[in-house]
Structures are given as C-alpha cells and as structure tokens.
Amino acid sequence: MGCGRVGATLAQSLENRGHSVAVVDQNPDAFRRLSAEFSGKKVTGLGFDRDTLVQAGIEDAYAFAAVSDGDNSNILAARVVRETYGVDNVVARIYDPHRAEIYQRLGIPTVATVRWTSDQVLRRMLPLGATDEYRDPSGQVRLAQTDFHPGWVGHAVGTIESATGARVAFLGRFGEGVLATPGTVLQENDVLHVLMRSTDAPTVERVLTHAPSLKEN
C-alpha cells in the first residue's frame, strides 16, 4: 500500500526477484512512479478498504507492506490485513518513533523512518553503542549494529560472544556482508551486527565499547 518513492521501489524490487506484486494507492497518478515494464496489479483505492484489498489479491497474499505517507492509514491497513485476512508477514512504515515502538510491542513489525534516518546520521558522527536493525514481534530479541572499542580488533568472534553472551550475526567488511565463524577475527573498520536478548543490551554495549579485560585477552 502506497506508491510513493518507497512503495514504487519496493514493488519493483519484489517483481525483479520473481514475485507477483499488487500496488494499492488512492491516487492513480502515483502509479507513474512504476517503470513501464512493471507487470503487477495497480489498484486505485484505500489500502485498508476490504473491497480494495480483495481486488488486489489479499486473500492469496504472502506478505503486505503499508508504506503510505500516513501513520494512521499504515497501521490500520496492517491490522486489517493481519487480523481479517490472516497474513502473517506484515510491516508498516511509521514516522512517529514512539508510536512505532507501541505497535512493535503489539506484534506489528514497523519501520520508524525518522528514527532510522536520525540513527544513521548520528552513527556517522558519534559512537552510539547499539542501534536496532530489527526486533522480533515480542520485543525480546534484537539485531543491532554495535560499536566496539578499538581494543577488540584482532580478537576472534568466539571471544566476543563469550564476553558478551550475545551472538555475532554477521560483519560488514569492505561494503560486503560476512557470515562470521567463532574463528573469524575482527578487523579495523568492520561493522559488527549482533543478536542479543533485549534485556542484555546494556551489558553487551558496556562490554564492547570498552577495551577487553585481561581475562578476555
């Protein structure tokens, strides 16, 4: 739902990956953002209207993304799709980060645009500890990009996991993702992505943003 820049890009990306896609927008002019090669459905209407959703094929849908410009419309559409049509893979874009956290706790995955943008800007300016990239619907597990003290460079991933109790999901290295093994050694300029329990986040941040102790060495 929503054929702005995000929606049009998302629809094009999904189709390029071989998926059947339907795009819903209340403004028919919005579909001009789609390429001439786009072969999916273009449905004019409100994304939370049941007749519109059925016309778009919601009864056979695997996933639904609500990415219009309105928080209320996005969350309403996401709830209708999940609760009425039983689509499990639902995500809503929310501009208000506080509301996004509430809906996340209600089990509706959200992307808080403002928070994500500000976090990315701040991360390029200051060490931030851990910045969320994903939380499971219960909010108990986090995937976070985590800053680390230069003293951790040269240490193996297994050592980092033992010291923090977290799991290294992957590393960003020279612009590419690297699936780390316990023996993978952290290098300068690596980007560390860590899976952890939400309750453990303060401990993980504290350990990684300080130099390793002698015991860890």
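**Exercise 1. State what share of the chain's contacts between residues at least 6 apart in sequence joins residues at least 24 apart, and describe the chain as a whole.**

Among contacts between residues at least 6 apart in sequence, 50% join residues at least 24 apart; contact means heavy atoms within 4.5 Å. The model is predicted: local features need pLDDT of at least 70, side-chain atom pairs count only at pLDDT 80 or more, and totals for chains, interfaces and linings use all residues. Residues are numbered from 1 along each chain as its sequence is written, and side-chain values use heavy atoms, with hydrogens and water left out.

Next, the chain holds seven helices and ten strands, taken as DSSP runs numbered from the N terminus (helices H or I, at least four residues; strands E, at least two). Of its 217 residues, 40% count as buried, that is, under 20% relative accessible area with a 1.4 Å probe, protein chains only.

**Exercise 2. Determine where Gln 12 sits and what its side chain meets.**

Gln 12 belongs to helix α1 (residues 5-16). With a relative accessible area of 17%, Gln 12 is buried. Beyond neighbours within four places in sequence, Gln 12 is in contact with Leu 34, Ser 35 and Phe 38. A polar atom of the Gln 12 side chain lies 3.0 Å from the backbone nitrogen of Ser 35.

**Exercise 3. Explain why the buried residues of α6 lie on the same side of the helix.**

First list them: in α6 (residues 157-164), Val 157, Gly 158, Ile 160 and Thr 164 are buried. They lie on the same side of α6 because they cover an arc of only 160 degrees around the axis, the arc being that of the directions from the helix axis to the C-beta atoms. Their cover includes β8 (167-173) and α7 (201-208). Just after α6, Gly 165 takes a positive phi of about 80 degrees.

Note on methods. Buried < 20%, exposed > 50% of the residue type's maximum accessible area, 1.4 Å probe, protein only. Polar contact = N/O pair within 3.5 Å; in protein donor to acceptor, adjacent residues only side chain to side chain.
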